[in-house]
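Let's take a friendly walk through this structure together. Have the sequence and the 3D view open as you read.

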Amino acid sequence: MDFDLSPDQKLLESTAAAFIRKESPVTRMRALREDSVGWTPEFWKKMADLGWLGLAFPESAGGFGGSFVDVALVIEQLGAGLVPEPFIPSLLAGTAILRAGSPAQHERFLPSLIAGDTSLAFAYAERGSRFDPTWVESTATREGSDYVLRGEKVFVENGQAADAIVVSARTSGGPGDADGISLFVLERGAPGLRVTPVKTMDGRRAAMIGLDGVRVSEASRLGPEGGAAGVLDEIVDLGAAAACAEGVGVMRTVLQMTVDYLRTREQFGVKIGTFQALQHRAVDMFVRTELARSTSIMASIRVADPDPVERRTAISAAKVELAIAGRFVTQQAIQLHGGIGITDEHDVGLYFKRMHVLNVVFGDEEHHLARFSAQPSFTRGIETTAS
Amino acid sequence: MDLSFTPEQSAFRDEVRAWLRTAMPAHIREKAAIDAHFEHDEIMEWHRILHRKGWVAPHWPAEWGGPGLDVARRFILTEELELAGAPALSPFGLSMVGPLLMQFGTEAQKKRFLPKILAGEEVWCQGYSEPNAGSDLASLKLRAEPDGNGSYVLNGQKTWTTYAQHADWIFVLTRTDPNAKKQAGISFFLADMKTPGITVRPTLTIGGTPAFCDTFFENAVVPAENLVGPLNGGWTLAKALLGHERTGIAAVGLSTRAIRRVKRIAATTLERGRPLLEHPGFRARIARLEIELTALKMANYRAIVSAQEGHAPGPESSILKIRGSEILQQCFVLAMEVMGHDSLSWFNEAGVIPGLEQWVASSFNYTRATTIYGGSNEIQRNVIAKLILNLPSA
């Protein structure tokens with residue numbers, strides 16, 4: 001076992017932390033709450049120049065061949081700074097294109113993403129699906145050599161601004177069937193692609209995506225018809241692992257913010273950090289953050305595990321731990337700040353809201369508890385312990 | 001980063017498992033199967049079996065008969081022993097006074113005591129706590145005064161002296177300079193339990209087993225050669241002792257076994273004709289606890305790797321203590337809930353409830369101690385507040 005970062009990883013982490021502190025203080029995110037896009041192409045380009053947008057992609061696709069552990073280091077720092085650029089949605093859509101797409105599709109979408117000239121979105125959730133990626137009601141019906149897509153996708157992060165959106169739709173079977181799900185990559189402005197921007201509770205932008213008879217050619221399909229369930233499952237797990245890494249960044253920041261506040265704020269003539277009741281709350285925030293960090297590391301490593309049971313067990317455990325820890329840490333952060341923590345002018349509330357979003361996306365606590373306990377590993381060994 | 005054990009570590013785990021399959025005598029195996037309470041004689045029998053295998057003191061250096069295992073293999077051995085339900089050995093000789101003597105004892109003390117601790121020929125108990133002292137160890141009152149003939153006379157009382165009723169020796173913190181500042185007048189002594197004037201009164205725990213004792217000292221004479229370290233320098237030893245052998249503190253193996261037990265009971269307990277394990281609510285609660293244990297286990301692995309690399313134990317030992325103890329408690333709380341009415345029976349004395357996991361109730365009660373002993377969890381939180389979060393003292 002080895003939990004140490006390599007010198008390159010340490011450099012990546014410290015560079016990212018320093019860059020974000022300097023170039024993207026939380027005031028930038030605050031200002032972008034009023035922006036209809038919610039992020040800026042200038043900053044996106046800077047992220048590309050630092051190599052972050054190519055980190056997840058192999059050199060053969062124009063990337064830098066990093067592992068997900070490397071990617072997670074950057075994501076954690078994005079969480080620490082509440083950076084609103086669409087890193088995770090672009091990562092997921094780009095990875096779907098990488099895994100399932102043809103060389104022509106790679107060429108069409110990946111270099112421009114890696115260069116920071118475009119951004120992507122990934123649309124898998126539907127109103128009736130909650131977090132089950134196989135519950136696809138949207139349809140893609142063959143008409144000659146084309147497909148016509150109908151349906152609706154919900155909460156598509158960066159859907160409002162993406163140059164292309166990867167969507168799941170059913171080419172056969174019914175909701176819940178693993179077989180019959182296909183992935184398509186739809187370009188911005190395609191006829192029948194209805195993008196309805198929504199403001200999200202954490203001050204960002206997303207979109208509801210209507211598929212009102214979007215006509216696309218076969219060249220828009222990623223991978224074999226009807227065979228996308230495996231890749232979809234992997235991509236959603238990648239999203240969950242990314243949410244864990246971002247959440248750890250959120251938690252570490254609010255913990256530090258809270259400890260700093262306890263050290264300076266005075267009441268009854270003393271620093272409130274001298275009160276044991278408050279100290280113990282802060283300690284429990286620290287303990288929870290460390291535990292979530294431990295499972296997030298596990299998720300970062302296991303997300304690439306070829307055994308789907310190992311991968312799902314680890315990802316679900318990490319996502320549940322994130323929910324438990326994230327909720328506790330951000331709630332306590334507000335409580336310990338007192339009244340000021342409830343105001344919009346204080347940053348702690350921004351982190352609290354981001355944490356809630358991260359807890360929901362790619363499967364909430366209930367979903368992952370159910371999935372964790374549905375894996376064959378959950379009941380393995382219980383018959384034999386008696387003997 | 002890498003989550004896997006090395007081939008050597010995995011091979012060691014296989015070796016431990018293979019050995020455990022045959023090493024436990026039948027009567028111990030039967031009790032292990034239901035996690036029944038082990039009697040002192042059974043614990044010592046197991047001590048000697050482990051000793052013969054060379055694994056009784058995995059953390060001891062080869063010089064004193066240890067197997068020279070590294071941190072990771074020590075953890076693996078501990079985890080496998082816990083998973084197998086093997087009797088837990090008394091830590092007072094092996095993990096506490098033994099390593100302390102190696103660090104601070106005279107050559108004569110080492111030669112006199114260490115081999116007998118290793119062989120299980122002498123059993124130890126710990127005389128730290130006193131009535132009304134709680135976690136404030138330095139507030140002790142047991143006096144040790146020179147008698148003019150080269151010995152010390154001990155007067156006072158220790159409490160929570162776990163398994164003192166079985167012990168041959170006790171190590172005690174005593175006050176040797178009543179006028180010095182609290183921590184400055186303390187000395188560390190070893191005392192033979194057969195010394196006239198030492199008496200023991202066992203206390204029944206809420207788990208229904210005798211574990212704790214009050215130990216009384218009335219003019220008990222202890223030779224000066226039983227002083228460890230400098231006179232009035234005992235506080236350094238006391239603190240060093242608390243730092244020994246912390247990698248097993250999370251009790252991951254015990255909790256893993258306890259959760260398996262919860263699942264097994266839930267698989268055979270019916271509600272409306274269906275096993276509780278299939279009820280989504282119960283299943284989710286068990287899963288949540290297992291996930292909390294997974295997080296603890298990963299944190300424990302991180303701590304082990306850090307120790308393996310030679311870093312001093314840091315805040316992680318307090319994290320592991322806090323969460324390890326809380327999770328172990330929650331395992332038995334959940335087990336009792338799964339058992340429903342069966343959880344209300346005490347030891348199933350006449351065997352009237354077939355198949356009852358009778359020791360769950362005892363453990364449910366006894367494990368309330370885990371958040372108290374070894375430095376209460378509140379004390380652990382104070383440690384983190386001060387050392388890691390750097391929060392100000394009152």
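Predicted model: local features only at pLDDT ≥ 70, side-chain atom pairs only at ≥ 80, totals over all residues.

Apart from residues within four places in sequence, Ser325(B) is in contact with Leu320(B), Thr370(B), Thr371(B) and Asn377(B). You will find Ser325(B) in helix H10 of chain B, which covers residues 316-339. Is this serine buried or exposed? Its relative accessibility is 4%, and because buried means under 20%, Ser325(B) counts as buried.

Now turn to the nonpolar interior. In soluble globular proteins, nonpolar side chains tend to be buried together. Here, the largest nonpolar core has 162 residues, and those touching the most other members are Trp52(A), Phe68(A), Ile75(A), Phe87(A), Phe122(A), Val166(A) and Phe362(A). Helix H7 of chain A (residues 229-264) gives this core its largest share, 20 residues. Zoom in on Phe362(A): beyond four places in sequence, its contacts include Ile88(A), Leu92(A), Tyr124(A), Val236(A) and Ala240(A), along with Glu157(A), Lys319(A) and His368(A). There is also a second, separate core of 51 residues, with Ala23(B), Trp55(B), Phe171(B) and Phe188(B) among them.

Our last stop is Leu110(A), placed in helix H6 of chain A, residues 103-114. Leu110(A) has a relative accessible area of 0%, so this leucine is buried. Leaving out residues up to four places away in sequence, Leu110(A) touches Phe57(A), Ala61(A), Gly94(A), Ile97(A), Leu98(A) and Gln105(A).

Definitions and conventions
Residues numbered from 1 in each chain as written. Chains lettered and ligands numbered in written order. Heavy atoms only, no water. Helix = DSSP H or I, 4+ residues; strand = E, 2+ residues; numbered from the N terminus. Buried < 20%, exposed > 50% of the residue type's maximum accessible area, 1.4 Å probe, protein only. Contact = heavy atoms within 4.5 Å. Core = buried A, V, L, I, M, F, W, Y, C linked by side-chain atoms within 4.5 Å.
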